[in-house]
There are 4 protein chains.
Amino acid sequence: MPDSHIAKHAQPSGDALRQSLATRFQKARGRTAELAAPLSPEDLMVQSVPDGAPAKWHLAHTTWLFETTVLVPDSPGYRPFDSAFLDLFAARSDRFGNHQLPSPTLRLLSRPSGAEVMRYRDHVNAAVLHLLAQVDDAGLAEVADRVEVGIAHERRHQERMLTHIKHAFWSNPLRPAYEQPPQVYPTAPQPQDWIAHEGGLVEIGRADAGPGFDHEGPRHRVYLNPFRLASQPVSCGEYLTFVEEGGYSNRALWLADGWELARSENWQAPLYWEWRDGAWQIFTLYGMRPLDPAEPVCHVSWYEADAFARWAGKRLPSEAEWETLGARCESMGNLLGTGYRHPRACPCHGEGPWQMFGDIWEWTLSPFAPYPGYRLPDGVDEAVHGRFMINRMVLRGGSCVTPFDHANPTTRHYLRPDTRLSFTGIRLAEDA
Amino acid sequence: MPDSHIAKHAQPSGDALRQSLATRFQKARGRTAELAAPLSPEDLMVQSVPDGAPAKWHLAHTTWLFETTVLVPDSPGYRPFDSAFLDLFAARSDRFGNHQLPSPTLRLLSRPSGAEVMRYRDHVNAAVLHLLAQVDDAGLAEVADRVEVGIAHERRHQERMLTHIKHAFWSNPLRPAYEQPPQVYPTAPQPQDWIAHEGGLVEIGRADAGPGFDHEGPRHRVYLNPFRLASQPVSCGEYLTFVEEGGYSNRALWLADGWELARSENWQAPLYWEWRDGAWQIFTLYGMRPLDPAEPVCHVSWYEADAFARWAGKRLPSEAEWETLGARCESMGNLLGTGYRHPRACPCHGEGPWQMFGDIWEWTLSPFAPYPGYRLPDGVDEAVHGRFMINRMVLRGGSCVTPFDHANPTTRHYLRPDTRLSFTGIRLAEDA
Amino acid sequence: MPDSHIAKHAQPSGDALRQSLATRFQKARGRTAELAAPLSPEDLMVQSVPDGAPAKWHLAHTTWLFETTVLVPDSPGYRPFDSAFLDLFAARSDRFGNHQLPSPTLRLLSRPSGAEVMRYRDHVNAAVLHLLAQVDDAGLAEVADRVEVGIAHERRHQERMLTHIKHAFWSNPLRPAYEQPPQVYPTAPQPQDWIAHEGGLVEIGRADAGPGFDHEGPRHRVYLNPFRLASQPVSCGEYLTFVEEGGYSNRALWLADGWELARSENWQAPLYWEWRDGAWQIFTLYGMRPLDPAEPVCHVSWYEADAFARWAGKRLPSEAEWETLGARCESMGNLLGTGYRHPRACPCHGEGPWQMFGDIWEWTLSPFAPYPGYRLPDGVDEAVHGRFMINRMVLRGGSCVTPFDHANPTTRHYLRPDTRLSFTGIRLAEDA
Amino acid sequence: MPDSHIAKHAQPSGDALRQSLATRFQKARGRTAELAAPLSPEDLMVQSVPDGAPAKWHLAHTTWLFETTVLVPDSPGYRPFDSAFLDLFAARSDRFGNHQLPSPTLRLLSRPSGAEVMRYRDHVNAAVLHLLAQVDDAGLAEVADRVEVGIAHERRHQERMLTHIKHAFWSNPLRPAYEQPPQVYPTAPQPQDWIAHEGGLVEIGRADAGPGFDHEGPRHRVYLNPFRLASQPVSCGEYLTFVEEGGYSNRALWLADGWELARSENWQAPLYWEWRDGAWQIFTLYGMRPLDPAEPVCHVSWYEADAFARWAGKRLPSEAEWETLGARCESMGNLLGTGYRHPRACPCHGEGPWQMFGDIWEWTLSPFAPYPGYRLPDGVDEAVHGRFMINRMVLRGGSCVTPFDHANPTTRHYLRPDTRLSFTGIRLAEDA
């Protein structure tokens with residue numbers, strides 16, 4: 001079980017904490033820069049989804065958070081890199097996914113240039129590291145808390161940045177690749193297996209649901225009926241059968257809202273699937289590739305996941321079912337740190353379930369709602385996840401572009417049921 | 001505990017069943033005609049909400065269902081009243097709340113006239129009663145099933161018809177009244193009280209979730225933490241304090257989606273509240289009236305119910321909590337049969353909770369999702385509630401325009417969280 | 001040449017003026033009531049075009065104008081029929097074709113009933129006639145001016161009311177007829193002929209362009225090249241050839257804006273043409289009828305008229321060309337007073353051009369722009385036509401639902417080039 | 001009188017024609033590159049108006065035209081720079097201002113890079129010059145025609161490119177400048193003067209209205225009443241008085257459509273005027289600057305120009321009036337070649353009218369309609385201006401970003417009356 005977040009709550013001495021924070025800060029910031037490295041100044045400008053943002057904005061906005069929440073309040077004598085940036089890259093708006101600047105404006109920021117934004121990053125990085133080295137023990141705790149929030153924020157934007165870049169590149173008729181694929185070795189697909197659970201009262205949720213994790217607690221009891229969970233995600237090959245057998249035109253398989261959307265948008269397959277010259281291809285961060293039946297299917301909406309499960313005679317798992325077996329799972333799948341920017345077929349060893357963490361976010365049948373005993377914190381902090389506990393469904397696991405420490409058994413990701421932009425896939429369940 | 005639906009599943013002899021069905025059919029059909037009686041031919045035409053329908057359409061469409069599902073298949077020699085009506089009043093569309101005719105066309109049907117639609121009703125009524133009298137024992141069961149579905153359908157449209165008429169009359173600057181209020185005697189408001197429950201494993205859901213009730217089963221176990229439920233709904237007076245203390249402009253009280261909607265629609269109070277000459281008035285089926293602080297507040301969206309509860313330091317109940325106490329509740333509130341077309345202050349006697357059934361539908365914090373073990377029936381029957389198990393919230397109880405036998409402890413009503421058109425109100429809960 | 005408007009500017013004695021006004025008032029008001037007679041209370045409610053209005057509103061609004069501009073200011077002791085109507089039926093808004101009440105509200109006015117609106121008309125009629133009988137010579141001129149404006153307003157609404165009712169009835173799947181057709185005798189179609197004009201300096205425009213006619217003056221000189229004008233409007237048969245030879249799919253025939261609209265709305269024929277069972281039918285105020293090739297085509301937009309003319313190797317006339325020949329034309333076509341509510345094939349006798357006045361409004365290639373020397377009157381009177389001198393094209397002549405005295409050689413009617421709702425058709429011209 | 005287009009129709013010998021074409025080609029292409037020089041790779045990406053295009057697209061699309069209409073058909077053995085560009089930069093769509101790629105896609109083309117597009121330009125430039133040097137006399141005429149069309153096309157896009165860049169830079173909150181202003185010397189404003197014309201029959205229009213100029217012919221007679229034309233455009237100072245005296249809130253000054261638009265968009269001043277710190281500033285290609293009262297006002301819609309004229313007690317000129325005096329005008333204003341990218345106050349010498357050509361496009365009261373005798377050429381050539389002869393108003397003169405040879409007395413520019421994006425201003429006229 002991944003437990004990356006434990007470090008945060010241990011109590012190291014001041015120097016050890018300074019050192020650990022500096023390392024974590026540098027790693028997170030460096031990873032973002034590394035992810036932006038394949039992008040040209042022009043690539044940094046593109047924005048193809050209304051609620052998205054150009055990579056340049058992600059690079060600047062994550063920097064702005066450190067500048068305004070760490071440096072300006074805590075670092076005496078700090079001079080902002082450019083006072084105009086304090087407004088330009090802010091996100092204090094009323095609308096989720098929106099920004100102080102109206103979203104359509106973000107893609108018009110040819111100035112500042114990409115190079116200047118990288119200088120902005122360097123300037124702020126140096127100032128944060130300097131602060132961490134200089135802050136006295138009395139001030140350290142507060143600085144540490146804010147830096148931690150900034151690091152978590154930075155990591156969330158890494159996933160969003162790649163998600164947006166993928167869509168933007170796909171929107172270019174040239175279908176450019178984000179980068180060249182690393183060498184990988186094919187794996188022999190394993191047959192689907194079913195992991196049984198006897199049901200009964202279980203406990204789920206995060207015991208220490210601090211800032212950034214409010215929506216994952218409190219830990220609480222849930223009663224489960226006996227069930228079985230699939231050992232692996234649904235593969236492209238399995239999903240292709242659903243497509244070929246008319247899944248998208250069989251209304252009996254769909255909930256009413258999903259059917260209406262699928263018809264009005266004329267969905268025929270997952271996002272990024274394209275029928276070319278008599279065969280399915282899919283667009284990836286490595287460009288167009290033939291569909292690989294062994295890979296997990298991804299970029300499906302909740303409606304498609306639900307319809308597929310019904311077609312297969314199964315259902316989606318509840319989040320409590322998922323977490324109960326996820327907590328036992330010892331293996332990791334393909335996450336951001338792995339460096340492979342697409343879901344992979346499972347190299348399954350030992351006992352399943354496999355790939356619970358990594359490759360794809362897994363839709364559950366659980367609406368995103370408060371756990372028993374949850375209370376929204378006071379105030380209007382944008383970062384409080386509880387503010388979004390309506391109209392969204394819970395996903396579990398983590399995808400191939402999710403940072404390692406965001407993929408825990410208790411992690412609750414949440415999306416509207418109509419979205420297909422993220423690396424979202426399916427793991428089936430059934431009543432025992 | 002109301003158990004009106006039990007009759008349906010008992011096994012009376014053929015004649016008794018014929019008699020009972022005929023009576024129930026006549027009552028349901030007569031009630032609809034009675035509800036339409038105060039409406040002029042022109043009133044029958046008005047439609048003010050895009051997803052709504054004019055009363056004339058409700059009158060004809062409910063008739064159409066009996067004609068096409070009972071008479072045409074089962075009554076040898078039956079001649080349709082007007083073959084054009086078979087298409088005109090059908091509802092076989094893909095869109096929920098929509099119809100074979102595009103919704104905007106419904107309000108253009110000046111022909112057939114209201115008088116002709118009433119003749120259509122009479123024609124079909126006579127033919128159904130004739131069929132019930134004549135059908136032999138072999139065919140009775142199937143006819144009975146279809147008639148029952150038609151009756152349930154008729155009753156649902158009674159509630160919708162009054163809901164739509166209320167909005168249409170409110171949209172007329174003259175604010176006409178639907179009818180004159182009956183004489184009622186004021187009741188002394190009782191103080192709010194809290195009914196405690198110790199939590200633990202409970203059972204909820206309908207054991208016999210047949211056609212029309214698929215979404216209310218299966219019966220299943222749920223684990224509850226200890227909680228308390230308010231003895232009465234939130235009153236207009238309590239809600240007025242929320243309004244006056246700036247509830248609608250305090251973002252900290254609202255979930256993100258609700259805040260955005262409330263701002264963009266400039267909500268300042270529940271639907272039908274109007275500030276006139278220095279005082280709040282509300283529009284009712286009896287016309288404009290001064291706000292009565294003792295009445296239950298109604299016509300609030302889920303977002304408002306949720307924000308109010310947060311302001312009050314409480315929360316909405318889960319549907320399992322509601323049902324657990326609702327099943328113990330012995331008193332009924334004001335339902336359609338009572339004849340008072342507006343929520344009333346509670347004439348509370350004995351022990352609470354009071355008004356669990358009637359006056360207002362009560363929002364819960366439970367998204368409308370399948371119970372464990374629920375499976376969508378095969379086929380594409382529009383009447384299957386499970387098709388709508390996404391993007392909606394559960395309401396419990398029943399309102400002042402809900403037919404008696406639709407208000408059971410297990411009844412799951414469901415609406416999108418943004419709607420304020422129905423008679424929807426609030427009952428608070430809290431953790432013990 | 002029709003000269004109905006001359007009476008207005010003659011100077012009869014007071015009594016003769018009183019008498020003439022009373023007669024004209026009664027005729028105009030009676031005509032409206034006669035046109036509404038075939039409509040049921042429910043028919044009076046229907047409104048199928050966003051900028052349109054239900055017949056009930058036309059009946060009440062024309063009455064409101066007399067009440068508020070004649071009776072309230074000029075008739076001492078007059079008591080309004082219902083003070084709420086002063087707001088309810090007003091039209092003082094900023095938007096053309098719109099009203100003080102938002103347009104969607106008009107169709108919700110089930111109250112007042114149609115019967116009450118007719119009583120409102122009677123009440124105001126009696127009061128106006130009483131005023132005309134009583135007003136002294138000093139006040140007569142002002143009263144007469146206002147009554148004249150009201151009569152012209154009433155007549156304009158007669159045309160609009162029939163136009164709206166036609167569309168509303170066509171929107172009902174039952175396609176009801178407004179009334180039964182009178183007996184008519186078929187006419188032998190005449191071959192198209194061309195009336196030549198030598199060109200040169202001509203004079204057009206109304207010399208006395210008083211209130212209600214501001215846009216028709218000043219009279220001014222225009223230089224014309226030699227041209228020829230068609231003796232008759234384009235017939236349905238000629239237009240059918242255009243349709244059958246692919247006129248609607250030949251982009252070379254269309255201006256860019258027209259092509260884009262025709263494609264996006266998928267136009268295949270004029271409004272009200274329907275292909276049923278292998279033949280074209282058209283919807284008329286007499287219900288569905290087989291297309292009659294001899295009738296003038298109508299319900300075409302300017303884009304279609306322009307494309308048809310190009311296909312025919314001709315062009316539309318300019319309004320100066322039209323008026324120059326129209327002023328010589330001595331015969332009248334089918335107007336509102338004729339009582340035939342559809343364009344008729346020409347019963348041409350003597351020398352053409354024929355049907356310049358009546359049957360169809362004829363599109364010209366002249367944008368609706370000010371004549372040289374025209375100046376917008378001061379103030380913000382809604383009735384000033386000059387306010388609309390942009391984005392519209394001029395039509396000449398008058399249609400089968402145009403009152404007689406609105407169809408003069410100088411009459412400038414104007415519509416946006418995309419509209420097909422009015423009885424609009426085509427007369428061709430060509431360079432000599 | 002500027003007569004730049006005469007060169008085209010002279011008959012030089014083959015070599016002289018080759019030389020002259022090559023020079024003109026190089027000048028036009030070089031000018032575009034020069035205009036793009038101040039733009040960074042990122043600036044080349046921005047697109048802020050839906051119907052606009054990024055500068056990169058203008059650079060590539062003008063190149064594409066030479067490649068596909070000159071090189072591919074006429075240059076044996078020519079190899080396209082990149083076959084994907086043949087589709088990527090095409091403009092063959094149905095919608096004016098639109099492109100084969102949906103307009104929103106244009107701004108997503110981070111690949112090809114700006115540098116690659118400049119290489120594309122170089123490649124095509126060399127190939128065209130090579131072709132011009134090599135083509136034999138037999139083929140020269142056709143090549144010359146096509147190159148001329150390409151040059152005219154290139155020049156039109158120069159104006160559009162600067163128009164779009166100005167809006168895009170203004171949409172960036174940093175309000176970057178396109179370039180640094182050249183040194184200019186202030187001029188003493190001259191008082192407004194009025195040039196009289198006696199009226200009568202005049203001739204206007206282009207005698208040789210060949211390809212690219214179809215809409216400017218045929219030459220024809222028009223009758224004019226006596227009139228006077230202002231010697232100079234309306235200045236910012238004059239317009240400021242209109243603003244300060246409530247011109248934008250006085251409905252009596254506006255046509256109905258203009259008033260509705262101005263209210264719904266909340267116009268308070270021309271586009272690019274901003275009220276900052278108690279004073280008006282305007283955004284220019286040189287960044288934000290204090291409003292200069294002596295400069296011609298620009299970026300006004302036709303509605304504003306018309307309302308201003310009414311407020312001033314004047315009117316807009318007709319295009320015939322404008323051309324009649326414009327043909328006598330010997331001085332030029334500030335055009336693209338001048339190098340000053342903003343309208344300038346008039347350095348008026350000698351007799352007026354002044355600045356008829358240059359600084360601002362001048363709205364007329366003439367709708368864009370065919371001249372008498374005009375006939376749309378056969379076929380569906382996008383470049384035929386006659387296809388747009390509806391819904392637009394004529395502008396005359398030319399602006400500070402109009403190439404010299406597009407600013408002739410007969411030039412008819414045309415825009416929808418609601419647009420404010422172009423450098424559009426006002427010259428007044430009045431009846432004598």
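Helices α2(B) and α7(B) are roughly parallel to each other, a label given to angles under 35 degrees, with angles over 145 counted as roughly antiparallel, 65 to 115 as roughly perpendicular and the rest as oblique. The model is a predicted one, in which local features need pLDDT of at least 70, side-chain atom pairs count only at pLDDT 80 or more, and totals for chains, interfaces and linings use all residues. Residues are numbered from 1 along each chain as its sequence is written, while chains are lettered from A and ligands numbered from 1 in the order in which they are written.

Helix α2 of chain B covers residues 14–36 and helix α7 of chain B covers residues 137–171; the two pack at an angle of about 20°, with their axes 10 Å apart. Axes are lines fitted to C-alpha atoms, for helices over the stretch in contact, and angles run from 0 to 180 degrees between N-to-C directions. Helices (H or I, at least four residues) and strands (E, at least two) are DSSP runs, numbered from the N terminus. The crossing of α2(B) and α7(B) is left-handed, that is, the near helix is turned anticlockwise from the far one by less than a right angle (clockwise for right-handed). On the α2(B) side, the contact includes L17(B), L21(B), F25(B) and A28(B), and on the α7(B) side it includes L140(B), A144(B), V147(B) and I151(B). Contact here requires the C-beta atoms of two residues, placed from the backbone, to lie within 7 Å. The residues of this contact comprise 11 nonpolar, 3 polar and 6 charged. In this division Ala, Val, Leu, Ile, Met, Phe, Trp, Tyr, Cys and Pro count as nonpolar, Asp, Glu, Lys and Arg as charged, and the others, Gly among them, as polar.

Between chains, 24 residues of chain B are in contact with 24 residues of chain C. The side of chain B that touches chain C has 12 nonpolar, 8 polar and 4 charged residues. The same surface serves both copies, since 100% of the contact residues of chain B recur in chain C.

A rotation of 180° with 0.0 Å of shift along its axis also superposes chain B on chain A, with an RMSD of 0.0 Å. These two copies are thus related as by a two-fold rotation axis. No contact joins chain A and chain C, and their closest C-alpha atoms lie 17 Å apart. Chains B and D likewise have no contact, with closest C-alpha atoms 17 Å apart.

In chain D, 3 strands form an open antiparallel sheet in the order β1-β4-β12. Strands β1 (194–197) and β12 (429–431) stand at the edges, each with a single partner strand, so one side of each is left without a neighbour in the sheet. The twist averages 25° from one strand to the next. Strand β4 (residues 227–230) pairs with β12(D) over 3 bridges, where pairing requires at least two DSSP bridges. L229(D) stands opposite A429(D) in β12(D).

Definitions and conventions
Least-squares fit on C-alpha atoms with pLDDT ≥ 70 in both.
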